Amino acid sequence: MIYSQEFEQCQPLDFSPKPKAQSGESLAVAPDKACTQSGKEKVHHESEKGNASPKACAQTGKRRPPKKRTWDRSEAGKAYYRAYQKTYVKSEKGKAFLKAYEQSDIRKTSRNAYEQTEKRKAAKRAWSQSEKGKAYYRSYRQSERGKVVRKAYRQSEKGMAARKAYAVSEKGKANQKNYRESVHGKAVRQVWANSEKGKESKLIWRNSERGKAYRTLYTKAYNKVFKHTGDKAQARIAGRQATAFIKNSNKAKNK
């Protein structure tokens, strides 16, 4: 009878008579399942795959052991890494890393490329039209920083060019007309006319060459139509039509 060393360690010795081998049979006895499994685990732990730790895998580029990969993809593993990231971001080391990354060329290039994508434009458009976005822009416009930024933009070359292009466009003309005819627009013009700056501006306009020519043409057209029809509304329309070219030229000059 043939005994293996591993079998002797796992099984007690049995000196009872053994059956004789039949013809063609081997007298070798295979070790039990527990001994075979222990041998496989021993071979696995001594192998390169069994000794591979997460740190060693990261350094060598090899994949992690199956159990570690399974834990990373599990809900518990994901929750652990989320909590770790939150803690790391609040730490001094994490803040320093994020600050350096935000100022890096890689981050700037990535952010500029993302801002020009359709996905980002759609997200910004949806957020600006939401209640939260409208409230944010409203509070920003009323803040000191928002007022300073808007004033600087209006006085810049880019801001003045954008305003001129908008005023000439069909949408800009329609909005200006609606604003002048609205209650708010009329109230603003009335306040401006009664203010010291408005009165001074009106006096300067009357004494200018254009103002004198405008008043002469308007009065002449107004009196002519009112004399024949007696309708003040038609007389005012005639006066405005007669002085339309002066107003248009004055607008073009101010632009």
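**Salt bridges and helix packing**

Arg120 counts as partly exposed, at 26% relative accessibility (buried is under 20% relative accessible area, exposed over 50%, and partly exposed in between, with a 1.4 Å probe and protein chains only). The model is predicted, so local features need pLDDT of at least 70 and side-chain atom pairs count only at pLDDT 80 or more, while totals for chains, interfaces and linings use all residues. Residues are numbered from 1 along each chain as its sequence is written, and side-chain values use heavy atoms, with hydrogens and water left out.

**Salt bridges**

- The structure holds 4 salt bridges (a side-chain nitrogen of Lys or Arg within 4 Å of a carboxyl oxygen of Asp or Glu).
- One of them joins Arg120 to Glu115, with the closest N and O atoms 3.3 Å apart; Glu115 is partly exposed, with a relative accessible area of 29%.
- Glu102 pairs with Arg107, the closest N and O atoms being 3.4 Å apart, and with Arg111, where that distance is 3.2 Å.

**Helix H5 against helix H6**

- Helix H5 spans residues 75-90 and helix H6 residues 92-102 (helices are DSSP runs of H or I, at least four residues, numbered from the N terminus).
- H5 and H6 pack at an angle of about 80 degrees, with their axes 4 Å apart (axes are lines fitted to C-alpha atoms over the stretch in contact, and angles run from 0 to 180 degrees between N-to-C directions).
- This angle makes H5 roughly perpendicular to H6 (65 to 115 degrees).
- Tyr88, Val89 and Lys90 in H5 meet residues of H6 including Glu92, Phe97 and Leu98 (contact means heavy atoms within 4.5 Å).

**Helix H13 against helix H14**

- Helix H13 (residues 183-194) and helix H14 (residues 196-207) pack at about 75 degrees, their axes 4 Å apart.
- H13 and H14 are therefore roughly perpendicular to each other.
- On the H13 side Trp192, Ala193 and Asn194 take part, meeting Glu196, Lys197, Gly198, Lys199 and Ser201 in H14.

**Thr219**

- Thr219 lies in helix H15, residues 209-229, and is partly exposed, with a relative accessible area of 36%.
- The side chain of Thr219 reaches the backbone oxygen of Arg215 at 2.7 Å.
- Thr219 and Arg240 are 21 residues apart in sequence and 9.9 Å apart in space, C-alpha to C-alpha.

Notes: Helices (H or I, at least four residues) and strands (E, at least two) are DSSP runs, numbered from the N terminus. A polar contact is a pair of N or O atoms within 3.5 Å; within protein, one must be able to donate a hydrogen and the other to accept it, and residues adjacent in sequence count only if both atoms are side-chain atoms. Angles under 35 degrees count as roughly parallel, over 145 as roughly antiparallel, 65 to 115 as roughly perpendicular and the rest as oblique.
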